[in-house]
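This report describes selected features of one protein model.

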Amino acid sequence: MTMRKAVPRAVSIVFAGLVTACTPIPIDQPAPPVPADVDLPQMKLFAVSYPQAPQRSNEEIARDFIDLTFFLESGTPLPILTRFEEPVTVALRGPSPAIVGYELDRLITRLQREARIDVRRVADGSAAALNVEAVPRSDMQRLVPSAACFVVPANIRWSEFRGDMRRADLNWSRLQTRRAATVFIPTQISPQEVRDCLHEEVAQALGPLNDLYRLEDSIFNDDNLNSVLTGFDMIVLRATYDDSLRTGMTSGEVAARLPAILQRINPKGARYATRPLQPTPREWLNAIEAALSEGRSGRRSAAEKALEIARGQGWRDSRLGLSLFTLARLTDVHNGDLALARFMEAAEVYDSRQATQIHAAHVGMQIAAFALAAEEYPLAVGIADRYIPVARQAENGSLLSDLLMVKAVAFEASGRQKEADALRWESLGWGRYGSRSDAELLQREREIETLVR
């Protein structure tokens, strides 16, 4: 199976001289109940997507296509290209929250329009090629604790999967053609997490099975900073289903046809110079995976090792940014100056390229927290204003909510109460999309407010 890894949903805010109050809520520890007199806005939803076209050469895209398509995340090579050769029917199996159907329909529309894949929603799951089944989160955590959600290459119910996880037909490396797939997503997660799971797992059901940390503009990256399918991802999926390719082709056969395919579907890719490939050493992969694994011991030392390797490789790309960002988040809360320095360096790396603006926005949220705590309210507002449009375009409701709340708190502290109230209301609307519960959302609001009180 391929899966979206479980990662911390809320990033701790740290700042100089203070112990952070803004830490992730443990999965099994509920937030305080919502007071009966609290009034909250209706949940906001994203409607139209505005993906950015990749700003790099077709030669780079072709290189990434091969690595994404002919390897599993484990590094296991795949001998042939596999894809659905018939129109892809998609169904929701069993009861699920309404948001699942809403986001699935949005995704299918994008796949039809941008990737030009013949995919449509049907009611009968027994006959569908691709099923989506919602599973109690506690059941999924018990059975596959490292997965936020996952996909298997068979039409299978959760009860069947739970009974025999080692079935031969669940092994992607043995696949000769794709005829069926099932995406399992947990219940009791935020609407945004539902959407993120659908994008990554449906995309992997249809196309690439690998993830690459070097990809700065893709959902096929375990840093999870891009959470919806990007322009690059849609080009990869469109190329996968191009008429000049077919199931059974080897990597060499596919590579020979990719230049013509990409020239036809992405002519702008001829404008850009090809950057040299800088391979990712296994020891960096091991270090960053250990640093990102919540609950694992030695995370900070692993992050330090990842950063040391990144610097030694001479990287100036998203892998260096991720190394810095991860270590900054794991820096002791009493060592705020060092954490801030690492966040600032990560921001410099991410801000250097248009493709990593959403990465920069995540880091910017951390720096804005420092600014609030230091009573540098114009700076906090300036950071929020810079990255609010980025979070909106990337459809990250959780980050958008946080940035709007930072601005609201800064305005309130500056005596601009009316503007603060309007921003807070908008923040809560997006927060209801990005949070698992209203109680969790209100706790997040209090944590940001605490930075100035």
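Two strands are said to pair if DSSP finds at least two bridges between them. Helices (H or I, at least four residues) and strands (E, at least two) are DSSP runs, numbered from the N terminus. The model is predicted, so local features need pLDDT of at least 70 and side-chain atom pairs count only at pLDDT 80 or more, while totals for chains, interfaces and linings use all residues. Residues are numbered from 1 along each chain as its sequence is written, and side-chain values use heavy atoms, with hydrogens and water left out.

**Strand β8 and its partners**

Strand β7 (residues 147–152) pairs with β8 in the antiparallel sense over 3 bridges; here T182 of β8 is the bridge partner of V152. Strand β6 (residues 130–135) pairs with β8 in the parallel sense, over 6 bridges, and V132 has V183 of β8 as its bridge partner.

Burial is given by relative accessible area: buried means under 20%, exposed over 50%, and partly exposed in between (1.4 Å probe, protein chains only). Strand β8 (residues 181–186) is mostly covered, with 6 of its 6 residues buried. In a regular strand the side chains alternate between the two faces of the sheet. In β8, A181, V183 and I185 point one way, whereas T182, F184 and P186 point the other way, and all are buried.

**Two loop residues with positive phi**

Most residues other than glycine have a negative phi. Q188, in the loop between β8 and α5 (191–206), has a positive phi of about 60 degrees although it is not a glycine. N224 also is not a glycine and has a positive phi of about 60 degrees; N224 lies in the loop between α5 and α6 (231–240). N224 is buried, with a relative accessible area of 10%.

**Salt bridges**

A salt bridge is a side-chain nitrogen of Lys or Arg within 4 Å of a carboxyl oxygen of Asp or Glu. The structure holds 33 salt bridges, among them the following.

| Pair | N to O distance |
|---|---|
| R214 and D64 | 2.8 Å |
| E193 and R436 | 2.9 Å |
| R195 and D196 | 2.8 Å |

Which parts does the salt bridge of R214 and D64 tie together? R214 lies in the loop between α5 and α6 and D64 in helix α1 (residues 58–69), so the pair ties together parts that are 150 residues apart in sequence. R214 counts as buried at 18% relative accessibility, and D64 is buried at 3%.

E193 belongs to helix α5 and R436 to the loop between α15 (417–434) and α16 (438–450), so this pair ties together parts that are 243 residues apart in sequence. E193 counts as buried at 17% relative accessibility, whereas R436 is partly exposed at 24%. R195 and D196 are both buried. Salt bridges that share partners join R56, E60, D64, D67, R214, E216, D217, R275 and R353 into one network.

**The second largest pocket**

On a 1 Å grid over the protein atoms alone, a pocket is an open set of points where a 1.4 Å probe fits, with protein on both sides within 12 Å along at least five of seven lines; lining residues have an atom within 4 Å of a point. Volume is the space filled by probe spheres set on the points, which are joined across faces, edges and corners.

The second largest pocket holds about 500 Å³ of space. It is lined by 19 residues, of which E73, D211, L212, R282 and L285 are the closest to its centre. Helix α8 (residues 282–292) gives the most to this lining, with 4 residues.
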